[in-house]
Amino acid sequence: MMTQVAGRLWVVATPIGNLGDMSPRAQEVLKKVALIAAEDTRHSAPLLARYGIATRVVALHEHNERDEAERLVARLLEGSEIALICDAGTPLVSDPGFRLVRAARAAGIAVSPVPGACAAIAALSVAGLPSDRFVFEGFLPAKAAARRERLAELAGEARTLVFYESSHRVRECLDDMAAVFGAQRPAVLARELTKLFETVLDGDIASLVARVATDPNQERGEFVLLIGGRPAQEDARLAEGRRVFALLREELPPARAAKLAAAISGAPRKELYLSEK
Ligand code: SAM
């Protein structure tokens with residue numbers, strides 16, 4: 001009896017706008033596999049058609065990933081090669097696929113990347129912000145209170161912050177960032193990368209707020225928003241502010257303690273107050 005050789009799961013990046021970014025290797029792998037698992041089969045159809053890829057496509061999205069992953073792993077164990085793609089860019093980066101990759105690896109199946117476009121990395125590569133260390137935060141919570149809370153947790157982060165944002169929230173998101181990080185933080189808004197209306201705006205958060213408010217085009221399309229990390233001097237001020245705030249909190253209500261701690265240390269009052277929540 002022949003021993004069965006397990007298949008391979010290929011995690012294949014596709015373009016984030018410019019179809020010319022589809023690598024020859026991505027095309028080759030998508031042609032040779034038995035099956036493509038795509039986030040949205042209809043969305044991927046034109047891309048596959050353009051490159052003459054006739055492989056059968058099944059849907060793998062956040063709503064069916066649990067069940068579908070099991071079926072796909074069974075096929076992989078039978079020896080099939082399967083490719084995973086998402087609507088744009090690299091699967092698993094703010095996109096489905098994590099459960100499938102984890103299940104495949106747990107089953108001892110080889111998982112290979114076919115790297116390519118990723119909006120976060122593309123934006124970082126042109127932003128001109130420190131890129132030796134960075135934090136990818138993906139999408140912020142849609143609800144205002146949860147978003148501000150998350151931003152407050154990130155206020156002390158010294159590494160460059162990278163966010164994905166949708167067009168209808170970019171304005172309020174920038175407003176919240178100005179309030180929580182301070183309007184002078186360096187910021188870059190990378191819009192429609194690799195596409196016709198690609199724009200990379202840089203400055204501080206205040207200048208991006210002003211630019212987006214006066215030019216409605218800047219609110220259209222897809223965005224990566226990058227914020228410079230907290231400067232070291234600000235770190236020391238905030239640390240002192242937090243220390244004083246903690247002492248005063250033993251005797252005073254939060255708003256009063258934050259006001260005094262901010263006056264003593266020079267740290268932003270809002271941040272001291274928020275840090276307690
Ligand atoms: N997996 C993708 C990747 O590798 O970048 C990201 C998928 S996520 C669902 C979609 C988000 O990525 C968009 O809302 C936007 O924030 C960002 N994005 C995707 N394409 C972009 C582009 N061409 N320019 C700027 N941002 C983009």
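**Helix packing in a predicted protein chain**

H7 passes H8 in a left-handed crossing. This crossing belongs to a predicted model, in which the protein chain holds eleven helices and ten strands.

**Helices H7 and H8**

- Helix H7, covering residues 170-181, packs against helix H8, covering residues 205-214, at an angle of about 155°, and their axes lie 9 Å apart.
- Because angles over 145 degrees count as roughly antiparallel, H7 and H8 are described as roughly antiparallel to each other.
- On the H7 side the contact is made by Arg-171, Leu-174, Asp-175, Met-177, Ala-178 and Phe-181, while H8 contributes Ile-205, Leu-208, Val-209, Val-212 and Ala-213.
- Sorted by class, this contact of H7 with H8 comprises nine nonpolar and two charged residues, with no polar ones.

**Helices H3 and H4**

- The axes of helix H3 (residues 65-77) and helix H4 (residues 98-106) cross at roughly 35° and come within 9 Å.
- H3 brings Glu-65, Arg-66, Ala-69, Leu-72, Val-73 and Leu-76 to the contact, and H4 brings Phe-98, Arg-99, Leu-100, Ala-103 and Ala-104.
- The contact of H3 with H4 has eight nonpolar and three charged residues, and again no polar residues.

**The chain as a whole**

- The C-alpha trace of the protein chain spans about 80 × 45 × 30 Å along its principal axes.
- Of the 277 residues in the protein chain, 44% are buried, and the chain exposes about 14,300 Å², of which carbon and sulfur atoms supply 53%.
- Among contacts in the protein chain with a separation of 6 or more, 68% are accounted for by residues 24 or more positions apart.

Conventions. Residues are numbered from 1 along each chain as its sequence is written. This is a predicted model: local features need pLDDT of at least 70, side-chain atom pairs count only at pLDDT 80 or more; totals for chains, interfaces and linings use all residues. Side-chain values use heavy atoms; hydrogens and water are left out. Axes are lines fitted to C-alpha atoms, for helices over the stretch in contact, and angles run from 0 to 180 degrees between N-to-C directions. Helices (H or I, at least four residues) and strands (E, at least two) are DSSP runs, numbered from the N terminus. Angles under 35 degrees count as roughly parallel, over 145 as roughly antiparallel, 65 to 115 as roughly perpendicular and the rest as oblique. A crossing is left-handed if the near helix is turned anticlockwise from the far one by less than a right angle, and right-handed if clockwise. Contact means heavy atoms within 4.5 Å. Ala, Val, Leu, Ile, Met, Phe, Trp, Tyr, Cys and Pro count as nonpolar, Asp, Glu, Lys and Arg as charged, and the others, Gly among them, as polar. Buried means under 20% relative accessible area, exposed over 50%, partly exposed in between (1.4 Å probe, protein chains only). Accessible areas come from the Shrake-Rupley method with a 1.4 Å probe; for residues, only the protein chains shown count as cover.
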